[in-house]
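Keep the model in view as you read.

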Amino acid sequence: MKLTFLGCGDGFSVEQGHNSAIVTFADTNLCIDFPESNHVSLHQMGMKLNEVEHIFVTHLHEDHVNGLQKLALFHRVYPGKAKPKLYVPAGLRDDLWQILRHGLELTTRGKRVFEDYFDVECVEDAFEIAGVRFELIRTQHVPEMLSYGLLCKPYFYFSGDTRLDETYINKVAGEVETIFHECHMQDDQLPSHTSLEELLPLPEAIQEKMLLMHYVDDYVRAEARDPFHGRHKLRLAEPLRGYDWQNGGDESR
Ligand SMILES: [Zn+2]
Ligand SMILES: [Zn+2]
């Protein structure tokens, strides 16, 4: 199993893609979120949009879903092996179609519904692809907004957008090899996200498992990354870099 970041950026990133990753395993793939910037990143990886087979949506902020309309249209015009399968937390299904339908419902060949574009599976707690189980973990992003992380034991926990849930992170650290956690890397505190200040008191053994994502563009550059890596156990995830568990958690391009 390998996870490659299509972007590690926050909602305003322009120098890297918005936060999203593609997990490849058992001859298939799963994208976690699908921002518009994925189109460029997948192209850079030599992949076409119609090769995306599964997508999971963590929440409905536009930097996580604003590439889905183009993905849907591309699959209709250039069909892949099958319609992309979309795993949507059950409570988000109708709102997601409301976001997408303005560009997808009316076509020259008549009216279309959500299921014409995607094989939609509403998920309550977990879903399975090729025998691999992915569990939804409710996160603490914006009060009352439904938002989820994704747990794939024993490989990884992917936090999605969230404030730090220290109790959960302490627990899940014993169940996975790698924690992909969001961290905005800005000096000020953002009430819906996690700051570096909050992560630094975590036990070193947990920090060593962590790769930070959803950060400001400043940290795409080596001038900011290298000193950070020199000072901390925490590491920054890198766009288009793969994290491969079959090779003992090695990072590869
Ligand atoms: Zn975001
Ligand atoms: Zn968000």
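Met47 counts as buried, at 18% relative accessibility. Buried means under 20% relative accessible area, exposed means over 50%, and partly exposed lies in between (1.4 Å probe, protein chains only). Met47 sits in the loop between α1 (38-44) and β4 (54-56). Helices (H or I, at least four residues) and strands (E, at least two) are DSSP runs, numbered from the N terminus. Not counting residues up to four places away in sequence, Met47 touches Ile22, Asn29 and Leu42. A contact here means heavy atoms within 4.5 Å. Asp188 is another matter: 141 residues separate Met47 from Asp188 in sequence, and their C-alpha atoms are 37 Å apart in space.

A word on the basis of these values. This is a predicted model, in which local features need pLDDT of at least 70 and side-chain atom pairs count only at pLDDT 80 or more, while totals for chains, interfaces and linings use all residues. Residues are numbered from 1 along each chain as its sequence is written, chains are lettered from A and ligands numbered from 1 in the order in which they are written, and side-chain values use heavy atoms, with hydrogens and water left out.

Asp33 lies between β3 (28-32) and α1. Its phi is near 70 degrees, a positive value in a residue other than glycine. Is Asp33 buried or exposed? Asp33 is buried, with a relative accessible area of 1%.

His214 also calls for a look at its backbone. Its phi is positive, about 60 degrees, although His214 is not a glycine. His214 is found in the loop between β14 (210-213) and α9 (222-231). With a relative accessible area of 4%, His214 is buried.

Next, a peptide bond. Lys153 and Pro154 are joined in cis, with omega about 0 degrees. Pro154 belongs to the loop between β11 (148-152) and β12 (156-158).

Turn to a helix. Asp95 lies in α4 (residues 93-104). At 45% relative accessibility, Asp95 counts as partly exposed. Leu60 is 35 residues from Asp95 along the chain, and their C-alpha atoms are separated by 8.2 Å.

Step back to the annotated region. UniProt, in an unreviewed entry, lists residues 17-214 for "domain: Metallo-beta-lactamase". UniProt positions are given in the numbering used here, feature names are shortened, and annotations may be inferred rather than shown by experiment. Over residues 17-214 the chain is 26% helix and 28% strand. The end C-alpha atoms of that stretch are 10 Å apart.

Finally, the whole protein. It has nine helices and 17 strands. The radius of gyration is 18 Å, close to the 18 Å that the globule rule gives for 253 residues, so the protein is as compact as a globular protein of that length. That radius is taken over C-alpha atoms, and the rule is 2.2 Å times the number of residues to the power 0.38. The C-alpha trace spans about 60 × 40 × 35 Å along its principal axes. Buried residues make up 53% of the 253 residues. Of the contacts with a separation of 6 or more, 56% come from residues 24 or more positions apart.
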